[in-house]
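Here is a short report on one protein model.

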Amino acid sequence: MAGLRTEFPFTLPKGLIDSDGRLNQKGTMRLATARDELEPLNDPKIRDADDPYLSVIVLSRVITQLGSHNRLSPRDVDGLFAADLAYLQDVYAIINYGTPAEVQRYLDEATGGATISSIPQDPGPATGGSPVSDAARSMLARDGTATHDAPDAQDQDLPDEPPVRTSPRRARIEEVGRSSGRPG
């Protein structure tokens, strides 16, 4: 039986420009621990479990390397381009909450082992798919093609806004925030 993989490679779409003017795009992220997700809730900068800065702190804890940097501070992460932050949030969701198939698809794509056309699409549960599945599909669809079999927009009535989906991480953080008496 193979051991548990705990570190995963990534390549930022834009990259972090360090103080020496070097562009850093390649890095690694490790699996998060419960401590990585819970301790930032006690940070004085965090108002509640929905605070957007929470993901910045969590990412700074789990990114083990980016270019020549072996450790990133929250200040480094909040200095990333928005596209890079969104990408890292997707990577985090996939490696921590994705199915083994989703993680493998991400690894194949991250290491150049697969193309979007060779990846079978998992429709997800009958409830419309999981947020992790959607994140995995969006990361793998670099060429801009649709990755699901939805009818054309003109063939269906679309709501004004998509339904809000709560990730397992967000649900757990909210639960911990409520149980600790923090304002929600």
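Helices (H or I, at least four residues) and strands (E, at least two) are DSSP runs, numbered from the N terminus. On that basis the protein chain reads β-β-α-α-β-α-α-α-α-α along the sequence. That gives seven helices and three strands.

The model is predicted: local features need pLDDT of at least 70, side-chain atom pairs count only at pLDDT 80 or more, and totals for chains, interfaces and linings use all residues. Residues are numbered from 1 along each chain as its sequence is written, and side-chain values use heavy atoms, with hydrogens and water left out.

## Overall figures

The protein chain has 184 residues, of which 34% count as buried. Buried means under 20% relative accessible area, exposed over 50%, and partly exposed in between (1.4 Å probe, protein chains only). The accessible surface of the protein chain is about 11,200 Å². Carbon and sulfur atoms hold 52% of that surface. Areas come from the Shrake-Rupley method with a 1.4 Å probe; for residues, only the protein chains shown count as cover.

Contacts here are heavy atoms within 4.5 Å. Among contacts between residues at least 6 apart in sequence, 64% join residues at least 24 apart.

## Helices

Helix H2 (residues 53-62) is mostly covered. Eight of its 10 residues are buried. They are Leu54, Ser55, Val56, Ile57, Val58, Leu59, Ser60 and Val62.

Helix H4 covers residues 82-97. The expected span of a helix is 1.5 Å times one less than its number of residues. For the 16 residues of H4 that gives 22 Å, and the end C-alpha atoms are 22 Å apart, which agrees. Buried residues of H4 include Asp84, Tyr87, Leu88, Val91 and Ile95. Tyr92, Ala93 and Ile94 are also buried there.

Ile94 sits in H4 and has a relative accessible area of 1%. Its C-alpha lies 7.6 Å from that of Tyr106, although Ile94 and Tyr106 are 12 residues apart in sequence.

Tyr106 is one of the buried residues of helix H5 (residues 100-110). Glu102, Val103, Arg105, Leu107 and Glu109 are buried in H5 as well. Just after H5, Gly112 takes a positive phi of about 80°.

## Salt bridges

Side chains of opposite charge can pair when their charged atoms come close. A salt bridge here is a side-chain nitrogen of Lys or Arg within 4 Å of a carboxyl oxygen of Asp or Glu. The structure holds seven. Three of them are listed below.

| Asp20 | Arg22 | 3.1 Å |

Asp36 is buried, at 3% relative accessibility. Arg61 is partly exposed, at 24%. Both belong to a network of salt bridges that links Arg30, Arg35, Asp36, Glu39 and Arg61.

Asp20 is exposed, at 58% relative accessibility. Asp51 is buried, at 5%, whereas Arg47 is exposed, at 58%.

## Aromatic rings

A search of the whole structure finds one aromatic pair. The rings are those of Tyr92 and Tyr97, with centres 6.4 Å apart and planes at 65°, so the pair is edge-to-face. The rule covers rings of Phe, Tyr and Trp (its six-membered ring) with centres within 6.5 Å; planes under 30 degrees apart count as stacked, over 60 as edge-to-face and the rest as tilted. Tyr92 is buried, with a relative accessible area of 5%. Tyr97 is partly exposed, at 28%.

## Surface patch

Ile17, Leu23 and Phe81 form a nonpolar patch on the surface. Together they have about 310 Å² of accessible area. Patches are made of residues with over 30% relative accessible area and no salt bridge: like charges are joined within 9 Å, nonpolar side chains (Val, Leu, Ile, Met, Phe, Trp, Tyr) within 5 Å. Leu23 belongs to strand S2 (residues 23-30).
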